[in-house]
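I opened this structure to check a few local points. My notes follow in the order I looked things up.

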Amino acid sequence: MLIINCCTRFHAPSSIRISVVRRRTHSQTHSFCCFGHENNSLAKSPMEQSNLSANTVMDHPRALTDKINLIRDAGPSKFQVIADFDATLTRYRVNGLRGQTSHGLLQQGNAYYDAKRQALYDHYHPLEISPLIPVDEKTKLMEEWWSKTHELLIEGGLTYEAIKKSVADSSIAFRQGVTELFEFLEKKEIPVLIFSAGLADVIEEVLRQNLHRTFKNVKIVSNRMVFNDDGQLVSFKGKLIHVLNKNEHALDMAAPLHDRLGVDTAEEDEENANMKKRTNVLLMGDHLGDLRMSDGLNYETRISIGFLNDNIEKSLESYREAFDLVYLNDAPMWGVLELVSQLFSTEAS
Ligand SMILES: [Mg+2]
């Protein structure tokens, strides 16, 4: 049983306040924290606030405060947000059951091809998570898996309509506060890169159907489809992005979210090159491997946030070592929103 045994608060410089609650188990002490602010218009009800605190873990509050100050001093023009999609921006559980992922939800409208893709998953997924396969060998296997899956999607005649229907029928949902987070960042002209080894076109449709608007600052870096005039998939464009290379090296695949499927993305080279100059980063992911999303960016200061959704007892130690902040139990995005709103409050920008 966890017992709250003390609560300390300290004032970080410039009115950022981090409250730390220490909880002790028989064998170890966990530090939990949440962000507070003197004039906090984002404050939730006391119950929501206390739920969020209880689901937030932070080992080194002073180090985080130092990063916050460095990022704030450099200003929003030096800052970018990098986020994984599945189980990071989206919820791990929906209505008490495991929510679907952007790749898992796709139904081609053709049971034969859906089954063939599932068979590939059954074969390659154990290889993906095997700790025994060296990374270069695993990279080849992942390329093989992704290429075969893409071929099946083309061969099976995937259409816009099948994507729209798959998304409409899916159980996928965003964490509370994602829209507000994107809106805040859009106002501050801070770009958000969503990295995924899935399918950009599916992710964009999930965003359109669930958030009901587009954001100028949000770009997807993922595998992109090419459709013919009948709305049928004919090929994939650019480089293949799989689990082991979804990082800023793949930035040339970044394209903004459009209000409909099948829009050919214009050249974004200059804008994407400017991303490299934004050397302060907030990174969010739900796997330790997501920390590699900032590979390829020579960043100065990085705040990393991990969402630990499952196997908490088993994984907490490694997550708290790897990430600056860890949110447990499918926590909403309110803590992240408070963090960025304090980094770049209206007065500070
Ligand atoms: Mg994920």
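I started with the exposure of N329. I counted 14 C-beta neighbours inside 10 Å, so N329 is partly exposed. The cut-offs are 20 or more for buried and 12 or fewer for exposed. N329 sits in the loop between β14 (325-328) and α10 (334-343). Its phi is positive, about 55°, although N329 is not a glycine.

Next I looked up N95. This residue also has a positive phi, near 50°, and is not a glycine. I found N95 in the loop between β6 (93-94) and β7 (97-98). N95 has 8 other C-beta atoms within 10 Å, so I noted it as exposed.

Then I turned to a helix pair. How do α3 and α4 pack? Helix α3 covers residues 111-129 and helix α4 residues 135-155. Their axes lie 10 Å apart, at an angle of about 175°. The angle therefore makes α3 roughly antiparallel to α4. From α3, I listed Y113, K116, R117, L120, Y124, L127 and E128 in the contact. From α4, I listed K138, L141, M142, W145, K148, T149 and L152. By class, the contact residues are eight nonpolar, one polar and five charged.

Last, I checked confidence, as this is a predicted model. The average pLDDT for the protein is 83, and 81% of the residues score at least 70. Residues 1-34 are below 50. I still noted 59 contacts for that stretch beyond near neighbours in sequence. Residues 36-41 also stay under 50. For residues 36-41 the model has six contacts beyond four places in sequence.

Technical notes. Residues numbered from 1 in each chain as written. Predicted model: local features only at pLDDT ≥ 70, side-chain atom pairs only at ≥ 80, totals over all residues. Axes fitted to C-alpha atoms, helices over the stretch in contact; angles between N-to-C directions. Helix = DSSP H or I, 4+ residues; strand = E, 2+ residues; numbered from the N terminus. Parallel < 35°, antiparallel > 145°, perpendicular 65-115°, else oblique. Contact = placed C-beta atoms within 7 Å. Nonpolar A, V, L, I, M, F, W, Y, C, P; charged D, E, K, R; others polar. pLDDT = per-residue confidence, 0-100.
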